Amino acid sequence: MLILVTNDDGIHSPGIAALAEKLSEKNRVVVVAPDRERSAVGHSLTLHSPLRAEEIRTGFFAVDGTPTDCVNLGIHGLLDSPPDLVISGINRGGNMGDDITYSGTVSAAMEATLMGSPAFAVSLESNRFQTEDFATAAEFASSLAETVLERGLPPDTFLNVNVPGRNQPRGVRLTRQGKRLYEDVVVEKVDPRGRKYYWIGVGELGFKDLDGTDFHAVSRGYISITPLHLDLTNYRSFDHLSAWKLEGEGGNR
Ligand code: MN
């Protein structure tokens, strides 16, 4: 089977190396990944400048673009046939709850889904990132890849996988997307020329410890698999919004 591997930590990250190596045991693997770290770029696409892909070693293409660029370019330009599966990861750090809307790792799997390819994202939630932790996550990703290749995914669905670090996982949980508690911290500093500058996204963030969520499972040592889809419609809001009569007389049912 042909598997396209990408990430947002960059082609030189240990997570992508562990994943590509493990998958290569049973599959043909082509890596198309950003040439440097592009975490938290979300689903951004490079439309106003050219992209260059350098094959830094056989089957490893470093692209000066985003994770989404890599999947798009990989599928339409660099691969000689469509991939049977696209895997994004192994990301350094979890991608759970509301954070996934920022995630380049998850967006790459999203892009593959848009291109009609089965896909999943895999992230390692850990504070220390030892090589052996990536090995555990790579092993799980490899066995999940086999299952996905054999059974297929439901239509328009991709998987967001988060593996706990530290110890051996206690098991696997199918979960829903959890809820992040963001802090409104902006650090303001002054540069050597006397001008203010700012850092956003600083500090340890909490989460709502809700049963059945990705955060809940991973914080208890389980591998979390959240099935995601691209339809962002909030169906539960229709009742509330239809009362606004936005569609005019007779427009609502
Ligand atoms: Mn990352």
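Biologist: In which sense do β2 and β4 pair, parallel or antiparallel?

Modeller: This is a predicted model, in which local features need pLDDT of at least 70 and side-chain atom pairs count only at pLDDT 80 or more, while totals for chains, interfaces and linings use all residues. Residues are numbered from 1 along each chain as its sequence is written, and side-chain values use heavy atoms, with hydrogens and water left out. Strands (E, at least two residues) and helices (H or I, at least four) are DSSP runs numbered from the N terminus, and two strands pair if DSSP finds at least two bridges between them. Val32 has Phe61 in β4 as its bridge partner, and for β2 and β4, which are joined over four bridges, the sense is parallel.

Biologist: Which residue in β4 is the bridge partner of Glu55?

Modeller: β3 and β4 form a hairpin with two residues between them, and Gly59 in the turn has a positive phi of about 80°. The two strands run antiparallel and are joined by four bridges, with Arg57 standing opposite Phe60 in β4. In β4, the bridge partner of Glu55 is Phe61.

Biologist: Which strands stand at the edges of the sheet?

Modeller: Nine strands form an open sheet with mixed pairing, in the order β3-β4-β2-β1-β5-β6-β7-β13-β8. Each edge strand has a single partner, so one side of it is left without a neighbour in the sheet, and these edge strands are β3 (53-57) and β8 (172-174).

Biologist: Are the side chains on the two faces of β4 buried or exposed?

Modeller: In a regular strand the side chains alternate between the two faces of the sheet. In β4, Phe60 and Ala62 lie on one side, and Phe61 and Val63 on the other. Taking buried as under 20% relative accessible area, exposed as over 50% and partly exposed as in between, with a 1.4 Å probe and protein chains only, these four residues are all buried.

Biologist: How far apart in space are Ile225 and Leu159, C-alpha to C-alpha?

Modeller: Ile225 is placed in strand β13, and because its relative accessible area is 8%, it counts as buried. Leaving aside residues up to four places away in sequence, Ile225 touches several residues, including Phe140, Val172 and Leu159, where contact means heavy atoms within 4.5 Å. Although Ile225 and Leu159 are 66 residues apart in sequence, their C-alpha distance in space is 6.3 Å.
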